[in-house]
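I want to look up the charged pairs here and then the overall layout.

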Amino acid sequence: MQEFEGVFQATSKPARDAKGYHVTVMLPGTANDLILSEAVLRAAAPLWNGVNCMVDHELYTPSSERVCGVFANARWSDAEQGVVATVRPTGPKADLLRMYADEMLDAPDQPKPNIGFSAVIILQRQDNVITKILRVKSTDLVVDPAFNTKFLVAQFQKETPMPD
């Protein structure tokens, strides 16, 4: 087995004026020529708890100036067929996360920017098959992400239950 640091991406549609957003952060599939199975992803779901959301990837020198959120309540969702979590806007770039959420909701029938999430993970693999996700370093807000995910529910002052 080899350890490998890779980037896996997911697009998302946000919800307005939320204290946090329930989102799909990762789906099984193929990215960067690596295959990620449901079983491996399901086992790794809790690794997203406490992970920072940054603006853009900076793989070697992360900066606290780029923090826009933090993930919590991560788990596998049968309904979404992927890992779901709550991202709470926080840090110096939190307004950027909120801005894109508003931008995508203001005109539902208009073209949207291709903005979404991309996870930087440390993993084990055998050939091109991921056998285990060891750590999620960050899940970043990026342009042109690879996987198609979505914002599920806005979380307001009161706790909103996340769909199964």
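First thing I looked up: which residue forms a salt bridge with Arg42, the closest N and O atoms being 3.1 Å apart? I found Asp78. By salt bridge I mean a side-chain nitrogen of Lys or Arg within 4 Å of a carboxyl oxygen of Asp or Glu. This pair links distant parts of the chain, 36 residues apart: Asp78 sits in the loop between strand S6 (67-77) and strand S7 (82-89), and Arg42 in helix H1.

Caveats before I go on. I am working with a predicted model, where local features need pLDDT of at least 70 and side-chain atom pairs count only at pLDDT 80 or more, while totals for chains, interfaces and linings use all residues. My numbering starts from 1 along each chain as its sequence is written, and side-chain values use heavy atoms, with hydrogens and water left out.

**Entry: Arg42 again.** I checked Arg42 for another partner and got Glu38, with a salt bridge at 2.7 Å, N to O. Both lie in helix H1 (residues 38-44), four residues apart, about one turn of the helix. Helices (H or I, at least four residues) and strands (E, at least two) are DSSP runs, numbered from the N terminus.

**Entry: cover.** I sort residues as buried (under 20% relative accessible area), exposed (over 50%) or partly exposed (in between), using a 1.4 Å probe and protein chains only. Arg42 is partly exposed because its relative accessibility is 36%. Glu38, at 32%, is partly exposed too.

**Entry: helix H2.** I looked here next and found Asp95 in a salt bridge with Arg98, closest N and O atoms 2.9 Å apart. They are three residues apart in helix H2 (residues 94-106), about one turn of the helix. Asp95 is exposed at 56%, whereas Arg98 counts as partly exposed at 31%. The structure's tally is three salt bridges.

**Entry: whole chain.** I listed two helices and 11 strands. From the N terminus on, I read the order as β-β-β-β-α-β-β-β-α-β-β-β-β. Buried residues make up 46% of the 164 residues. For contacts (heavy atoms within 4.5 Å), I took those between residues at least 6 apart in sequence: 71% join residues at least 24 apart. Last, I noted an accessible surface of about 8,400 Å², with 49% of that belonging to carbon and sulfur atoms. Areas come from the Shrake-Rupley method with a 1.4 Å probe, and for residues only the protein chains shown count as cover.
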